[in-house]
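Me: Hi! I am new to protein models and would like to go through one step by step. Could you show it to me?

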Amino acid sequence: MKNLINIKKYGFSEAFSNEIPKDNLLEPARVLSQEKGFYRVITDKGEKLAELSGKFRFQATVSSEYPAVGDFVLVNWNESGDSAIIESLLPRKSAFIRKAAGEPQREQVAAANIDTVFLCMALNNDFNLRRLERYISIAWDSGAVPVVVLTKSDLCDDLENRLSEVSSVAFGIDILVTTSMEENGYKELLPFISEGKTIAFIGSSGVGKSTLINRLLGKEHLKTNGLRNDDKGRHTTTRRELFLLPSGGMVIDTPGMREFGMWDNDTGIEKTFTDIEELAAQCKFRNCTHTNEPGCAIQKALTTGELQIDRWQSYQKLKAENDYMEDKESYMTAKGKREKEISKLIKKMSIKQ
């Protein structure tokens, strides 16, 4: 039977192929969506629902080791069955990871194997520089390239000032302006989308992610809602999903995130706050706490206005949150491994008896 699908169009490159064992008899697949313990995957043979094998579940010690939308996996296609079985997860080239909502000790992979992250923020009441700093920090740490996408420019009375504010925190990052009120209001996104590349749309509820993706798809595939009375958008997307665009390339839509907690990403913070990192390097003492030491470059910059107090406080908050989560991650990983070892030991003892 002739294959109808070429998984290479979904980003399956030689780099991923090289990660597959030579004696492998399983099918490489990409995860398109996930819902209630099932995954929708695509291979050269087509699309099918899939579930994790018992061995996979047993060996995974933390939630980030489970497949996420955008992941490449190896599956037992099970020609005669209704669902495939996911046997293993191929190494990721990038992953957008944040603290899971309401669960301070669990990380969540929002999207995997992405090339570019569109950090979406509306130019109305959703506008928040401190949240954008958080987005940028996590995006840098993902291994993908962040791009700021400002939506709903038609609702902004002072676009020039807003762009200046965003530029003050988005160092070395492209900033795009879009609107859903014009037919070509999404065109600025196109240079960043090409065949074989994956873009993840990240942002809070109602900023217009689904509207932009509908424009790229050329059809109303995703449900969208209008503004609420408080000038904020309504939440519409309920799950993560990967789409192949007619022009080539892929996009991942994600639900608006109520919480966007840090998860062990010192590198992302350093790249996001390069201005503060450079100032700190100028302090007289290497172990400066930036409080009352003589020769503190941070305190001097705060006094002269070179560094805004809001940005300094944001940096301190994200650093403290990240350090806390880093300690928790180490503890939970060790705990998970111990529980697995105990389970194996109990199983061995049961067999002997």
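Predicted model: local features only at pLDDT ≥ 70, side-chain atom pairs only at ≥ 80, totals over all residues.

Me: How far from Lys 48 is the nearest side chain of opposite charge?
Reply: Lys 48 is buried and has no salt bridge. A salt bridge needs a side-chain nitrogen of Lys or Arg within 4 Å of a carboxyl oxygen of Asp or Glu. The nearest side chain of opposite charge is that of Glu 79, and its distance is 5.6 Å.

Me: Is Cys 283 buried or exposed?
Reply: Cys 283 sits in the loop between helix 7 (274–280) and helix 8 (297–304). Buried means under 20% relative accessible area. Cys 283 has a relative accessible area of 9%, so Cys 283 is buried.

Me: Which residues does UniProt list under "binding site"?
Reply: Cys 288 lies in the loop between helix 7 and helix 8, and Cys 288 is in contact with Cys 283, Glu 293 and Cys 296. Cys 283, for its part, touches Cys 288, His 290 and Cys 296, among others. The UniProt record, an unreviewed entry, gives the feature "binding site" at Cys 283, Cys 288, His 290 and Cys 296.

Me: What separation do the C-alpha atoms of Gly 11 and Lys 197 have?
Reply: Gly 11 is in the segment before helix 1 (14–17), and its contacts include Phe 16, Gly 196 and Met 250. Gly 11 and Lys 197 are 186 residues apart along the chain. Their C-alpha atoms are separated by 6.3 Å.

Me: Where in the chain is confidence lowest, and where is it highest?
Reply: The chain has a mean pLDDT of 84, with 80% of its residues at 70 or more. Helix 9 (residues 309–352) has the lowest confidence, at a mean of 67, and the highest, at 97, is in strand 4 (residues 72–76).

Conventions:
Residues numbered from 1 in each chain as written. Heavy atoms only, no water. Buried < 20%, exposed > 50% of the residue type's maximum accessible area, 1.4 Å probe, protein only. Lys, Arg positive; Asp, Glu negative; His and termini not counted. UniProt positions renumbered as here; feature names shortened; annotations may be inferred. Helix = DSSP H or I, 4+ residues; strand = E, 2+ residues; numbered from the N terminus. Contact = heavy atoms within 4.5 Å. pLDDT = per-residue confidence, 0-100. Lists of a residue's contacts leave out its neighbours within four places in sequence.
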